[in-house]
Structures are given as C-alpha cells and as structure tokens.
Amino acid sequence: MIGVAAFWIAALLLIGGFGADRVLTRSIVDSFDNQLTFVLNSMIASSEIGPDGEVRFSRAPADQRFVEPYSGLYFQISGAGADTFPSRSLWDRRLRVVDAHADLRPHLYDSGEFGNDEPLRIAERDATLPGSKIRWRYQVAQSRQTINEQIRKLRLTLFWSFLALGVGLLVLAALQTIYGLWPLRRVRREVSSIRSGKMTRLGLDFPSEIRPLTEEINQLLAHSEEQAEEARRHAGNLAHALKTPLTVITNAATARAPDLSDTVCREALVMRRQVDHHLARARAIGRRTSAQARARVWDSLQAVQRALDRLYENVTVDIAGSQDAMVRVERQDLDEMLGNLVENAAKYGGGRVFVTVEPKGEMVDVLVEDDGKGIPDSEREALFARGARLDTGKPGTGLGLAIVRDVARIYGGGIQLEESEDLGGLLARLTLPSG
C-alpha cells in the first residue's frame, strides 16, 4: 500500500510540477516579451525622419542601458539603402537582420548571435515612417540571462517545494497505512490465542472498520463450535443407537441361542437403519456450509419420475407447477428428499401420484399427493420417528420421512403431512428456501 501510494504521489507531483513549471515559465517569458514590445513600440512612436533622410528620435530612450556598452539591452534600426542606426550599447556589434517576414506585426524570438555567453531575446517590427518610403526594421534585444536566472530560481523553488510535499505526503500515507492496519496485528494475536486455547472469541472493542471482520470471525467460530457439537451429538446418538443391538447380538451369541441367525439379521437391519439415518444427516450438514448450493426442483422431479416409472409400472407420477423454481439445497440432498416422498406415495398409494411445485416468496413448496387410504391426524407425527412404519408388509427401513424432515430442517425448511383434497390420500408438503 505504501509502495502504491509512493508511486502515485510521485507520478502526480511530477505531472503537477511539470505543469506548474510550464505555466510559470511562460508567465515570466510573456512578461519579459511585453516589456520588450513596449520599448519597441515606444521607439517607433518617438521616431521621425531627419533632414538627411535618416531616422532620429524626437526624444531619447529613457533607459540608460542603451548608452552603456555591452549593457545587455540594445536596439537597432535598419533600412534598405540607409545607414544602420544602432544603440551605443551595441558598441562594435550589430544585430543580425533577416528578411523572414513581410508584415508589420511584432516578432519575438531567441538568438545566440552574440555567443552562448549572452543569449538574446529579440523583439522586432517593420514600420514605414511619415515622409519616408523606406521600410525600417526596428529591433530591441535584451540578454536572456535575467529571465534565465528567474526561471532557474523558480524551478529550484518548485523542485524543493514539490520534494518536501512528496516526502510529507509519503510519510502521511505510511503513517496512515501503519496506523490503519495496526488493529489487524491485534486480530492476529487474538486468533493465535484462540488457536492455543487462551481465548474463545475475539474482542469487541475494535475500530468500526475492523469490527465487521471480527464479528464474522466470531460467527465463524460459533458456527464451527456448533458443527463440532452437532457432530459429537450425532456420534453419541449413533453409538447409543448401536449399543442396544450389539448387546442383544452379544447376549444371544454368548447364550448360544437357537434363533441366533434371526436375531443377528434383525438387529443388523436395525443398525443399518441407524447408520443410514446418521449418514444422511452428516451429508446434509456438511453440504449446508456451501452458500452457492442451488438446485432446480423440476430437474430433480423429472429424475425421480424416470426412476419410479421403471420401479413401479402400475403407478402414474404427474408433475406440475413452476419449472423454474430454484432452492438453496444441494442437488443430491434434494433428490434424496423428493425420492423418499414420491417413492412413499407410489408404494403406499393407490397407483397415482401428483407432485406440484409452488414458489411462495422466499420459500418453495413441493406438494406430493397420492390416492391411497390416507393417514389419520393422530398417527401422522409418529411417522417421523426413526424406523416408524404403518405398513410392515412392504419393504423399507422406516427412515424415509425422518431423513426428509432432518435434512429439510438443516437447510432451513420443513415438512408437513396433510390430507389431499383432490386425490383423497396423503399430502406431504415439503418447504425449502428459495434460491
């Protein structure tokens, strides 16, 4: 950050310094040119033709430097076929006359005709005086050493001023960066303390710019603790659920019970149901952390429909409603929930299953209806218990609705069992957050 600030400060100061130098230098030169032009016009205004046809002044130039040899201020009047009228300050030198223009406007230019020791700035203009047919060339020259010295001092002042400004800005940018990022050092120390077990949360007395970060870190820590606690709870539940079947198998094996094989098969089925249930919950909890989880309900229903068409030839599955509804659920978990609901409707219904997708604001309802006998209100809640089955004559583990409810709740949704008004059987209303 300091390096980037230094680069831009230097670049902008260079651009600003160059611009200031151009403007101020041009102002000095323009002021110098205006002075030369004023003297030139004053000379023309005070000129007249003498009896001998030569130019003379009605009043002498006021600046005494015109009469001091090599004073640095000179004038010269020349014309075709006439004698040149130089200032005394030129002494034995003459200004170069170049017929490079044919107008009567003032012209200003730099000249080195007196060598590098005395660079000149020349203002010249042609004029035709009353009583003379000669076109006179008036020239006023002044040494550039004066303005060159002014420009040198100006540039030196600009250099040191902009250098001091740049160093000051760089120091301020460095102090601002160090001071502004200093709380992050404390965040690092406190995160290290949390990792070592000395702290459980970051402090709350951070600057307002850092506080959103620390709050998010604290929420992340709380979420991680919640997941760890949930994982421990599920591990304990699974261990407790497996403990009883294992005890039954161990006792039967120790007693050499005659129905040992039946006992092992029965208890193994119980353990399988428990393992399937907890694995489904663990998968859903793991995927819930992905904020980008999105799935299209219609695609999952079509996949379930194709699968059930092969498994249950005598069952018709119809789907209707919104085809564009999206939910914030992983596709695999959505397939598992819809597969359990639709399969239960196909297995225990009368041969017809109707599925409707209904978006409702921030939620999406998936209604699964069948034309079976239905279930009384008093027995519906019992179906969500692990291993609960009202019809034991058909294959299954009794974990379908329990898994659906647990996974739906993990994603912030839910499920309700109602009576289907159209088909007369059971209606399962699965509610999931809209994507």
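Which residues form a nonpolar patch on the surface, and about how much accessible area do they have together?

Modeller: A quick note before we dig in: this is a predicted model, where local features need pLDDT of at least 70 and side-chain atom pairs count only at pLDDT 80 or more, while totals for chains, interfaces and linings use all residues. Numbering runs from 1 along each chain as its sequence is written, and side-chain values use heavy atoms, with hydrogens and water left out.

The patch is made up of Leu 156, Phe 159, Trp 160, Leu 163, Leu 165, Val 167, Leu 169, Val 171, Leu 172 and Leu 175, and together they have about 940 Å² of accessible area. To join a patch like this, a residue needs over 30% relative accessible area and no salt bridge, with nonpolar side chains (Val, Leu, Ile, Met, Phe, Trp, Tyr) joined within 5 Å and, in charged patches, like charges within 9 Å. The areas are Shrake-Rupley values with a 1.4 Å probe, and for residues only the protein chains shown count as cover.

Leu 175 sits in helix 2, residues 145–196; helices here are DSSP runs (H or I, at least four residues), strands are E runs of at least two, and both are numbered from the N terminus.

Phe 159 and Leu 163, along with Leu 13, Leu 14 and Phe 162, lie nearest the centre of the second largest pocket, which has 16 lining residues. Helix 1 (2–45) and helix 2 each give at least two residues to that lining. The pocket's volume is about 370 Å³, meaning the space filled by probe spheres set on grid points joined across faces, edges and corners. A pocket is an open set of points on a 1 Å grid over the protein atoms alone where a 1.4 Å probe fits, with protein on both sides within 12 Å along at least five of seven lines; lining residues have an atom within 4 Å of a point.

Helix 2 has charged pairs as well. Glu 149 forms a salt bridge with Arg 152, with 2.6 Å between the closest N and O atoms; the term means a side-chain nitrogen of Lys or Arg within 4 Å of a carboxyl oxygen of Asp or Glu. These two are about one helical turn apart because they are three residues apart in helix 2. Glu 149 is partly exposed at 32% relative accessibility, and so is Arg 152, at 46%. Buried would be under 20% and exposed over 50%, with partly exposed in between (1.4 Å probe, protein chains only).

Further along, Arg 186 and Glu 190 meet in a salt bridge at 2.9 Å, N to O. They are four residues apart in helix 2, so about one helical turn separates them. Arg 186 is partly exposed at 24%, whereas Glu 190 is buried at 10%.

Asp 110 is in strand 5 and Arg 121 in strand 6, so the pair ties together parts 11 residues apart in sequence. Asp 110 is partly exposed at 43%, while Arg 121 is buried at 9%.
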